[in-house]
Amino acid sequence: MTTSSVTTLLKTEPTTLQVKVCGMREPENIGELVALQPDYIGFIFYRKSARYAGEKLNPEYIKHLPATVQKVGVFVDESLETILALTKKFGLQAVQLHGQETPEFCKQLKQAGFLVLKAFALDDDFDFKILEPYEGTCDYYLFDTKGQQHGGNGVTFNWNILENYHLNTPFFLSGGLDLEHATAIKTGRWPWLRGIDINSRFELEPGLKNISKVKKMLTAFRE
Ligand SMILES: O=C(O)c1ccccc1NCC(=O)[C@H](O)[C@H](O)COP(=O)(O)O
């Protein structure tokens, strides 16, 4: 098989979209979510977030969640030292970076064995060229909506901008996703889309998810 046919295969082969549920912190709520077997569960370690999980999480409880769900720590311009300490404390397999983290920083975490999602805040003027130095330094990009907060703004961006995506790193779609978007996302207009990230549109209050609503989204992506 030639390099170009491998590339074509990789870009067009249908894949099941993965689902990440972000902003969890209440033990019972976490237990109910994990029972639904999402692909990823996200804990926010950014103090200014309304979903900051930090001290609320019991490290032993989080460490021993079933291995079927990958645990993601969400950080904003945090030091490498702190990220490494928190991943160890809570047994996290993945890190999601929502600040101005450099390609070198992402690479260090990837080389340390973590799955790395680098988030970018998109608006209509976003230039995907700025992602070029990040190629090969992270596992996924996470395309979120540019807003007042570093994340969790609850607003979608104009997905038409994704037509300009020209790189080779698969990405997660994020930013204000709700049940009503499931069909449009699944129609698969974006060859490099590998998953979705849901958060505030599935909350009863910040940090507490509406489990039956999350279940509907998971079902929509698995049928
Ligand atoms: O959710 C937050 O409060 C948050 C704060 C700072 C950095 C990241 C944050 N969330 C990260 C996520 O992965 C969210 O799911 C993503 O931003 C989308 O959130 P939403 O627009 O509420 O669906």
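Me: Which residue in S4 is the bridge partner of Val74?
Reply: Happy to start there! This is a predicted model, where local features need pLDDT of at least 70, side-chain atom pairs count only at pLDDT 80 or more, and totals for chains, interfaces and linings use all residues. Residues are numbered from 1 along each chain as its sequence is written, and side-chain values use heavy atoms, leaving out hydrogens and water. In S4, Val74 has as its bridge partner Gln96.

Me: How many bridges join strand S3 and strand S4?
Reply: Strands are DSSP runs (E, at least two residues; helices are H or I, at least four), numbered from the N terminus. Two of them pair if DSSP finds at least two bridges between them. S3 covers residues 70–75 and S4 residues 94–97, and they pair in the parallel sense. Their number of bridges is four.

Me: What do the eight strands close into?
Reply: Follow the order S1-S2-S3-S4-S5-S6-S7-S8, with parallel pairing. The eight strands close into a barrel.

Me: How far is a polar side-chain atom of Asn199 from an oxygen atom of the ligand?
Reply: Let's look at two other residues on the way. A polar side-chain atom of Lys20 lies 3.2 Å from a ligand oxygen atom, and a backbone N or O atom of Gly154 lies 2.8 Å from one. For the polar side-chain atom of Asn199, the distance is 2.9 Å.

Notes: A polar contact is a pair of N or O atoms within 3.5 Å; within protein, one must be able to donate a hydrogen and the other to accept it, and residues adjacent in sequence count only if both atoms are side-chain atoms.
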